Amino acid sequence: MSELPREWQYLERRPGSSYQQLCIKGKRIWAWTLYCEFMNEKEPRTPQQLADDWDIPLEAVHEAIAYCQSDPSELRDDHRQDELLAEAIGMNDPAVNLRGKPRPLSTEERVRLGL
């Protein structure tokens with residue numbers, strides 16, 4: 001039996017985005033962004049600090065953290081897609097820092113990678 005998707009009060013998919021992960025409704029703030037700041041090893045931010053910094057309800061921050069901690073498949077898929085793209089354009093190659101430009105992708109490569 002499959003689990004039903006959770007209804008989120010403060011989260012939605014960003015309209016027009018190629019990403020499937022959720023962001024704060026009406027804002028351009030990815031849940032993952034808030035979660036990373038909350039989990040930062042050097043300078044973790046409290047949910048209240050994040051709510052104040054981003055001018056969003058505290059409940060929205062808690063919801064974003066819960067969403068990311070639930071390890072949703074769309075978040076994993078978006079990260080995997082980013083990793084594939086970085087590899088394909090050479091961003092994982094130290095020489096890119098010297099050249100300053102990633103390798104352009106052909107239309108065929110973009111289709112193959114699902115971009």
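Student: Which residues touch the most other members of the largest nonpolar core?

Tutor: Keep in mind that we're looking at a predicted model. The largest nonpolar core has 19 residues. The ones that touch the most other members are L11, I24, L34 and Y67.

Student: Which element gives the most to this core?

Tutor: Four elements, β2 (22–24), α1 (31–39), α2 (47–54) and α3 (58–69), each supply at least two residues of the core. With six residues, the one that gives the most is α3.

Student: What does L11 touch, if we skip residues up to four places away in sequence?

Tutor: Let's go along the chain. L11 touches L22, C23, I24 and K25, and also A31.

Student: Is E74 buried or exposed?

Tutor: E74 lies in helix α4, which covers residues 73–89. Its relative accessible area is 17%. Buried means under 20%, so E74 counts as buried.

Student: Which side chain makes a polar contact with the side chain of E74?

Tutor: Leaving out residues up to four places away in sequence, E74 touches R13, Q20, Q21, L22 and Y67. One of these makes a polar contact with E74, side chain to side chain, at 2.9 Å. That partner is Y67.

Student: How many Å separate the C-alpha atoms of I89 and P104?

Tutor: I89 is found in helix α4, and I89 is buried, with a relative accessible area of 16%. Along the chain, I89 and P104 are 15 residues apart. Their C-alpha atoms are separated by 6.2 Å.

Notes. Residues numbered from 1 in each chain as written. Predicted model: local features only at pLDDT ≥ 70, side-chain atom pairs only at ≥ 80, totals over all residues. Heavy atoms only, no water. Buried < 20%, exposed > 50% of the residue type's maximum accessible area, 1.4 Å probe, protein only. Polar contact = N/O pair within 3.5 Å; in protein donor to acceptor, adjacent residues only side chain to side chain. Contact = heavy atoms within 4.5 Å. Core = buried A, V, L, I, M, F, W, Y, C linked by side-chain atoms within 4.5 Å.
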